[in-house]
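Look at the sequence and the structure below. Some questions and answers follow.

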Amino acid sequence: MAEPCALCVQKADLQDSHIIPAFVFRWLKESSATGFLRFRPELNKRVQDGLRVPLLCSACEQRFGQWEKRFVEDIYAPLNHGKAARFAYGSWLSKFCVSVSWRVLTFLRKDNLAHFSPAMIEAADRALAIWRSFLLDESPHPGKHQQHMLLLDVVDEHTFSEIPPNLNRYILRSVEFDAACKSKEAFIYSKMGRVVVVGFIHMASPRQWQGSLIHVSHGAIGSQTYTLPDSFGRYLFERARRAGDFYKNISRRQADRISRDYRENMDKAVASETWKAMDQDVKLVGRSKAFGSESEGDQSNGR
Ligand SMILES: [Zn+2]
């Protein structure tokens, strides 16, 4: 049955659209130790793909697809293969970032913003409207609902009194999204492995975010130092801990199955990015702490 596309509102047979783009799950699977993905809250189920919902018509899917292709070719693939550290971009990057933030917020708007105040819900609706009109080339820029992108890297030393024991596994391997809202600030957080997109619903202090803004027309990212508010650092740690806690709930049977997969594919497992991420946590916090919270490296949340 034809239904209106969430972007162009034309009635069409809607596609099963990915909320987090499909290429992220392809990368996660290809670089994993077992070749399977697990998503919270159903960690005991192995799956092959991320969350999909009927959202877009095929023309709008293709529209998003062009920006995703440029992003994979120019940034995501070279970054994940360690082939470059600095990336020039054109207007496709702001479109890509907005397309991700818009998809996530469109999905969460229905019944996942209970922690938002009425004023923040209004701001979320304004963000959705301006992002949509930017995606349709009806507005020249997303206004104050800016997009920021962070390219994360391994943490090999720290000065914090306490650090999540799975921090590097979280940084390097997790895929998830969230609508964050704390007092005066709200944003859409989309984590695609080492790449994080933060799309602002309401920005409390723009001057505290330096080095991460994605310009509408062109620019370059990578190799820069970001200056971000402390509250965002705490938010990242909280997300990492939450991912680790979910892993504690994995069933005995599944844990055995993971160990078996690892043993049967030892060469692949040791060469995998999952293994390297675990190794980085062992270096960072020591073996006993690193393995206290979970048994497998990938922490994904398709929601
Ligand atoms: Zn459409």
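A residue is buried if 20 or more other C-beta atoms lie within 10 Å of its own, exposed if 12 or fewer, and partly exposed in between, with C-beta atoms placed from the backbone. This is a predicted model, in which local features need pLDDT of at least 70, side-chain atom pairs count only at pLDDT 80 or more, and totals for chains, interfaces and linings use all residues. Residues are numbered from 1 along each chain as its sequence is written.

Q: Is Thr106 buried, partly exposed or exposed?
A: Thr106 is found in helix 3; helices (H or I, at least four residues) and strands (E, at least two) are DSSP runs, numbered from the N terminus. Thr106 has 19 other C-beta atoms within 10 Å. A buried residue needs 20 or more, so Thr106 is partly exposed.

Q: Which residues does Thr106 touch, not counting residues up to four places away in sequence?
A: Two residues are in contact if their C-beta atoms, placed from the backbone, lie within 7 Å. Leu55 is 51 residues apart from Thr106 along the chain, and their C-alpha atoms are separated by 9.1 Å. The residues touched by Thr106 are Ala6, Leu55 and Leu128.

Q: At roughly what angle do the axes of helix 2 and helix 3 cross?
A: Axes are lines fitted to C-alpha atoms, for helices over the stretch in contact, and angles run from 0 to 180 degrees between N-to-C directions. The axes of helix 2 (residues 58-80) and helix 3 (residues 91-109) come within 9 Å. They cross at roughly 115°.

Q: How many bridges join strand 10 and strand 11?
A: Two strands pair if DSSP finds at least two bridges between them. Strand 10 and strand 11 form a hairpin with two residues between them, and in strand 11 the bridge partner of Tyr189 is Val198. The pairing is antiparallel, and the number of bridges is seven.
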